[in-house]
Amino acid sequence: MDRGEKGLQEVKFKVFRYDPDKKDGKGFQTYTVPVSKGMTVLQGLMYIKEKLDQTLSMRFSCRMATCGSCGMTINGLPRLACYTLIQELKTRTIVVEPLRNFPVIKDLATDFEEFFSKHRSVNPYLIRIDTHEQEKSNVSYTQSDEEVEKYLQFAYCIKCGLCYAACPVVATDKQFLGPQALAQLYRYLADSRDEGGEERLRPLSDGHSLLRCHFAASCSQVCPKGVDPALAIQLLRRELFLRG
Amino acid sequence: MAGVGVSVVVNALKTWLIPLRYGVERWSYTLQRVSGVAITLYFVAHVVETGNVVGGAGVWSVPPYEFAEMVWNETKTFLANPLFDAGLALLAFMIFFHTVNGVRLVLAHFGIILGKPTRPEYPYRAASMSKAQRGVFWLSVLLAVAAMVYALDVFFKVLQL
């Protein structure tokens with residue numbers, strides 16, 4: 001490991017620990033990790049897991065900000081561990097905690113069941129009136145560039161849950177669908193191939209699912225893929241007001 | 001179960017009252033909520049306080065004029081201290097901020113002062129954080145500060161040399 005680079009030689013990782021099978025509850029454990037140039041927080045955690053403490057639990061897979069598995073709270077903000085360079089944090093101690101607004105399973109691994117069930121509840125697929133034609137079609141649904149731009153950025157969502165963890169409304173209202181699910185709802189509503197229309201909007205008028213959003217826009221600030229859930233939610237609101 | 005309830009309340013207060021590390025929109029969210037609660041509490045206290053002049057809850061049996069005058073003078077004496085004056089100055093900030101920021105939120109909810117969806121290209125710039133929307137936020141802060149300074153001047157003559 002090349003440690004001759006400028007900057008930090010080593011950092012302290014203050015990692016949240018929780019084991020449901022032990023009685024000593026929750027707490028933090030500190031590890032010292034040698035740093036090399038270009039090292040990510042995920043690599044630091046993997047160093048801990050391989051060399052220092054095999055009992056540390058976390059979730060990760062692709063290591064390139066594509067799978068959305070390694071979301072965690074790093075120095076107080078929800079971030080992807082694989083997409084966060086240790087150097088860019090500019091601190092000697094990195095505090096790593098599980099994502100907020102998600103139940104903790106063990107250490108840094110959180111339960112996404114509620115998050116995914118909200119995602120499923122918005123019917124994240126194209127709805128066509130003629131389902132036979134949709135299943136057996138032998139023609140393409142063509143779209144202009146303008147039509148694609150209306151929803152494309154929302155289709156970049158990797159379901160990492162960072163927006164859901166950043167949202168202050170999700171923290172207090174479990175009926176609120178959250179930025180991820182609502183952005184996906186808008187992604188399909190804005191798609192010119194979709195014919196869901198009012199069927200998609202009707203469940204949103206209950207005062208909780210959509211209307212509890214107060215535009216704190218923290219979701220858009222933490223998204224690692226350039227999705228703008230806050231924009232999608234406001235545009236969805238407009239649709240609900242005008243068409244619902 | 002009590003432990004779960006406490007942790008929910010603690011988490012709620014943390015997310016409401018600690019807007020650090022996010023952008024100005026999170027500050028707007030926190031200030032809007034805190035000012036909303038403060039204005040509501042003030043409104044209730046204001047109604048109770050002025051209602052006392054005409055006999056409080058027994059308002060339907062109108063008290064004699066002397067009684068109303070006495071209560072009015074007592075209330076004025078009670079409220080005439082720097083703590084309440086400072087509170088009113090703070091309330092001037094909150095009312096102006098809450099009103100103008102409320103208009104900003106209504107406009108944002110209709111997507112009027114936000115950008116349009118575009119292809120996400122690195123470095124990503126969220127269209128919801130448009131200059132127009134942030135401009136109205138800072139306008140609300142500016143007007144609120146001006147209102148507070150005016151109120152401070154009324155009570156403490158801060159602008160007079």
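This note goes through the domains, the interfaces and selected salt bridges of the predicted model.

1. Domain layout of chain A. The assignment divides chain A into domain 1, covering 10–110, and domain 2, covering 113–243. The contact between the two takes 15 residues from domain 1 of chain A and 16 residues from domain 2 of chain A, while the C-alpha centres of these domains lie 30 Å apart.

2. Area between the domains. Domain 1 of chain A and domain 2 of chain A bury about 1,100 Å² between them, and 64% of this area is on carbon and sulfur atoms. On the side of domain 1 of chain A, the residues that lose the most area to domain 2 of chain A are Pro78(A), Asn101(A) and Phe102(A), which together account for 50% of what that side buries.

3. Extent of the interface between the chains. Here 32 residues of chain B are in contact with 40 residues of chain A, and the area buried between chain B and chain A is about 3,000 Å², with 61% of it given by carbon and sulfur atoms. Within the area that chain B buries against chain A, Tyr22(B), His109(B) and Pro117(B) supply 22%, which is more than any other three residues.

4. How many salt bridges does the rule find across the interface of chain B and chain A? The search gives one, and the side chains of Glu149(A) and Arg119(B) meet in a salt bridge with an N to O distance of 3.3 Å. Across the interface of chain B and chain A there are also 13 residue pairs in polar contact, again with both residues at pLDDT 80 or more. On the side of chain B that touches chain A, the elements giving two or more residues are helix H1 (2–17), helix H2 (24–51), helix H4 (82–109) and helix H5 (131–156) of chain B. That side of chain B has 15 nonpolar, nine polar and eight charged residues.

5. A salt bridge between distant parts of chain A. Over all chains, a search of the whole structure finds 15 salt bridges. One pair is Arg128(A) with Glu195(A), whose closest N and O atoms are 3.8 Å apart. This pair links distant parts of the chain, 67 residues apart, with Arg128(A) in the loop between helix H3 (113–121) and helix H4 (131–136) of chain A and Glu195(A) in the loop between helix H7 (179–189) and helix H8 (198–201) of chain A. Arg128(A) counts as buried because its relative accessible area is 15%, whereas Glu195(A), at 34% relative accessibility, counts as partly exposed.

6. The salt bridges of Asp191(A). The side chains of Asp191(A) and Arg187(A) meet in a salt bridge at 3.0 Å, N to O, and Asp191(A) forms a further salt bridge with Arg193(A), the closest N and O atoms being 2.7 Å apart. Asp191(A) is buried, with a relative accessible area of 2%, and Arg187(A) also counts as buried at 9% relative accessibility. Both Asp191(A) and Arg193(A) are buried. Elsewhere, salt bridges that share partners join Arg17(A), Asp53(A), Lys106(A) and Asp107(A) into one network.

7. Helix H7 of chain A. Is H7(A) mostly covered or mostly exposed? H7(A) is mostly covered, with eleven of its eleven residues buried, among them Pro179(A), Gln180(A), Gln184(A), Tyr186(A) and Arg187(A). The buried residues of H7(A) pack against H3, helix H6 (162–166), H8, helix H9 (218–222) and helix H10 (229–243) of chain A. Arg187(A) is therefore a residue of this helix that counts as buried at 9% relative accessibility and whose side chain meets that of Asp191(A) in a salt bridge.

Note on methods: Residues numbered from 1 in each chain as written. Chains lettered and ligands numbered in written order. Predicted model: local features only at pLDDT ≥ 70, side-chain atom pairs only at ≥ 80, totals over all residues. Heavy atoms only, no water. Domains from an automatic or database assignment. Contact = heavy atoms within 4.5 Å. Buried area = accessible area lost by both parts, 1.4 Å probe. Salt bridge = Lys/Arg side-chain N within 4 Å of Asp/Glu carboxyl O. Polar contact = N/O pair within 3.5 Å; in protein donor to acceptor, adjacent residues only side chain to side chain. Helix = DSSP H or I, 4+ residues; strand = E, 2+ residues; numbered from the N terminus. Nonpolar A, V, L, I, M, F, W, Y, C, P; charged D, E, K, R; others polar. Buried < 20%, exposed > 50% of the residue type's maximum accessible area, 1.4 Å probe, protein only.
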